[in-house]
Amino acid sequence: QVQLVESGGGLVQAGGSLRLSCTASGSFISMNPMGWYRQAPGKQRELVATVTSGGTTSYVDSVKGRFTISRDNAKNTVYLQMNSLKVEDSAVYYCYALVNRIGAPLSPFWGQGTQVTVSS
């Protein structure tokens with residue numbers, strides 16, 4: 001089994017910064033891509049950013065220039081640096097990975113979620 005554990009959420013004022021981390025554990029061959037989704041109350045889950053094992057990144061338009069996703073393959077960890085936070089960034093943020101395991105099809109795995117609240 002594979003587990004993704006997030007950390008780094010919290011309460012911050014608008015304009016501030018937070019850094020989310022997500023570390024994977026368990027038995028797997030690779031995770032590609034890894035990324036972050038978010039879900040605000042009453043809204044659908046939204047893909048925020050992804051990063052491949054080779055370092056190629058993509059972002060939803062609303063966070064471009066403010067958020068940076070990165071990963072440390074040796075540590076099986078993905079990060080989301082969030083700067084210039086806005087109230088509308090408030091949501092539960094979920095780590096995501098598409099995991100390749102021996103004897104199993106490619107499967108998505110999710111973390112438990114970490115709350116990010118941005119106050120005005």
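In the protein chain, 54% of the contacts between residues at least 6 apart in sequence join residues at least 24 apart. The model is a predicted one, and the values given here were computed from it.

The secondary structure of the protein chain consists of 11 strands and 0 helices. Along the sequence, the elements follow the pattern β-β-β-β-β-β-β-β-β-β-β. The radius of gyration of the protein chain is 14 Å, close to the 14 Å given by the globule rule for 120 residues, so the chain is as compact as a globular protein of that length. The C-alpha trace spans about 50 × 25 × 20 Å along its principal axes.

Of the 120 residues in the protein chain, 41% are buried. The accessible surface of the chain amounts to about 6,200 Å², and carbon and sulfur atoms account for 50% of this area. Charged side chains in the protein chain number 10 positive and 6 negative. The centres of these two sets lie 4 Å apart.

S21 is located in strand β3, which covers residues 18-26. The relative accessible area of S21 is 17%, and because this is under 20%, the residue is classed as buried. When residues up to four places away in sequence are not counted, S21 touches V5, E6, S7, W36, V78 and Y79.

Conventions. Residues are numbered from 1 along each chain as its sequence is written. This is a predicted model: local features need pLDDT of at least 70, side-chain atom pairs count only at pLDDT 80 or more; totals for chains, interfaces and linings use all residues. Side-chain values use heavy atoms; hydrogens and water are left out. Helices (H or I, at least four residues) and strands (E, at least two) are DSSP runs, numbered from the N terminus. Buried means under 20% relative accessible area, exposed over 50%, partly exposed in between (1.4 Å probe, protein chains only). Contact means heavy atoms within 4.5 Å. The radius of gyration is taken over C-alpha atoms; the globule rule is 2.2 Å times the number of residues to the power 0.38. Accessible areas come from the Shrake-Rupley method with a 1.4 Å probe; for residues, only the protein chains shown count as cover. Lys and Arg count as positive and Asp and Glu as negative; His and the chain ends are not counted. The place of a charge is taken as NZ of Lys, CZ of Arg, CG of Asp or CD of Glu.
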